[in-house]
Amino acid sequence: MTSGFFEGIEKVRYEGVDSRNPLAFRHYDPDEMVLGKRMEDHLRFAVAWWHSFAWEGGDPFGGPTLVRPWHPQDDMGRARMKADVAFEMFEILGQPYFCWHDADIRPEQGSFAENLRTLEEITDYIGEKMQASGTKLLWGTANMFSHRCWMGGASTNPDPDVFAFAAATVKSCMDATHKLGGENYVLWGGREGYETLLNTDLGLELDHMGRFLNMVVDYKHKIGFKGTILVEPKPQEPSKHQYDYDAATCIGFLRKYGLEDEVKLNLEQGHAILAGHSFEHEIAVAAAEGMLGSIDMNRNDYQSGWDTDQFPNNVPEVALAYYYILKAGGFSTGGTNFDAKIRRQSIDPEDLVAAHVGGMDVCARGLKAAAAMIEDGGLDAALTDRYSGWDSPEAQSMLASSLDEIAARVLAEGINPEPRSGRQERLENYVNRFV
Ligand code: XUL
Ligand code: CO
């Protein structure tokens, strides 16, 4: 028996590009082979429990707009109802994965003992639903930013009792993720940053965050969790200055605290934009360091300057993101989590389904375009050509020589470089053939 929440909405199917059915896939065909792999296995879509089921539609100027039968979210019966509805939506969409914070799935925060009891109870319930449906957990995480106790940070909090509460909370969330066979565990430092330096010991906070993450990695090995530990860069919001600013900042942090072989990155489109980067830039930076883990797919408003978490709908952007993901070898434990929410006026259950259908289709279309570019090889050929000078033995031996030796050679050979076009427009035109 279903909850009736999605009454009248049937399982979404692939109907091809000519379909006029608003709730059909026109590009996402899970079984279609792309570069020798099923589309579903490339994309590894996940629904985010927080945006789809826990968010109530509030904004800084107004309260909830999304009236749901499981509100208020302070009771185990309603937490179970929320889980029932979540699994009904996974089924409707054919979503293979989902993600959660502890606070999304259990009733709102109480004492640690209370949180632990309700988390264990709800994850047992969710585990049964996973068994029955075959839907899997891409990642779990702890919400250490919403409740007022986290206002000054979790692992970076000046109060050691908050550090302790954070350690206990992350342990419980890692245990729950492990129990459910989660493929990754994420840490996003929502309040790991600061509002003013006047009350902040920045160096001490970073050391505590580094130590905390090392404890997370040690605990992962202690319990035999085989998934990947991921950190998620974001430059600001809620903190004015967040320590995990962008991929490059996180990589520097991970290296400083000896975590470069243990932790990878979960990159989000909107966070890249807020940091002044493109999504593909962040992906390429992580990939260059072997630290590309997973993605939070969404789109950020280009004008507002705050984190809008909209569903993706820009195929050229998404195509470039998947191009660099495919170039890096694709996902291993990672996937495409829709860290995206409907707008607060989109109050119907159907809006939630339509948003995911559109997001999944845009990603499928982007993936196909990326694969076509890889098969065609035009961008690779352009790179090979542009850097071909480095193939020569003289160029290679220069890298092993010294400034004075090179200077002597420049004089002796009268080297005088001739500029060559970077051909940007030609390459942009090339990409446009595929998107
Ligand atoms: C916040 C954000 C989070 C993380 C998980 O901007 O992206 O939802 O993905 O805590
Ligand atoms: Co995110």
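Trainee: Is cysteine 363 buried or exposed?

Mentor: Please keep in mind that this is a predicted model. In it, cysteine 363 is buried, because its relative accessibility is 0% and buried means under 20%.

Trainee: Where does cysteine 363 lie, and which residues does it touch?

Mentor: Cysteine 363 is part of helix α12, which covers residues 349–376. Leaving aside residues up to four places away in sequence, its contacts are Leu43, Phe45, Met297, Pro312, Val318, Tyr322, Thr336 and Phe338. As for threonine 336, 27 residues separate it from cysteine 363 in sequence, while the C-alpha to C-alpha distance is 8.8 Å.

Trainee: Let us change topic. How many residues does helix α7 have?

Mentor: Helix α7 has 22 residues, 202–223. From its first C-alpha to its last it reaches 32 Å, close to the 32 Å expected. Just after α7, glycine 224 has a positive phi of about 75°.

Trainee: Which residues of α7 are buried, and what covers them?

Mentor: The buried ones include Glu205, Met209, Phe212 and Tyr219. Their cover includes the helices α6 and α8 and the strands β6, β7, β8 and β10.

Trainee: What about the surface? Which residues form a nonpolar patch there?

Mentor: Leu383, Tyr387, Trp390 and Leu399 form one, with about 440 Å² of accessible area together. Tryptophan 390 sits in the loop between α13 and α14 and is partly exposed, at a relative accessible area of 38%.

Trainee: Finally, what domains does the assignment give?

Mentor: The assignment gives domain 1 (33–376) and domain 2 (381–432). Their C-alpha centres are 41 Å apart.

Notes. Residues are numbered from 1 along each chain as its sequence is written. Chains are lettered from A and ligands numbered from 1 in the order in which they are written. This is a predicted model: local features need pLDDT of at least 70, side-chain atom pairs count only at pLDDT 80 or more; totals for chains, interfaces and linings use all residues. Side-chain values use heavy atoms; hydrogens and water are left out. Helices (H or I, at least four residues) and strands (E, at least two) are DSSP runs, numbered from the N terminus. The expected span of a helix is 1.5 Å times one less than its number of residues. Buried means under 20% relative accessible area, exposed over 50%, partly exposed in between (1.4 Å probe, protein chains only). Contact means heavy atoms within 4.5 Å. Patches are made of residues with over 30% relative accessible area and no salt bridge: like charges are joined within 9 Å, nonpolar side chains (Val, Leu, Ile, Met, Phe, Trp, Tyr) within 5 Å. Accessible areas come from the Shrake-Rupley method with a 1.4 Å probe; for residues, only the protein chains shown count as cover. A salt bridge is a side-chain nitrogen of Lys or Arg within 4 Å of a carboxyl oxygen of Asp or Glu. Domain bounds come from an automatic or database domain assignment.
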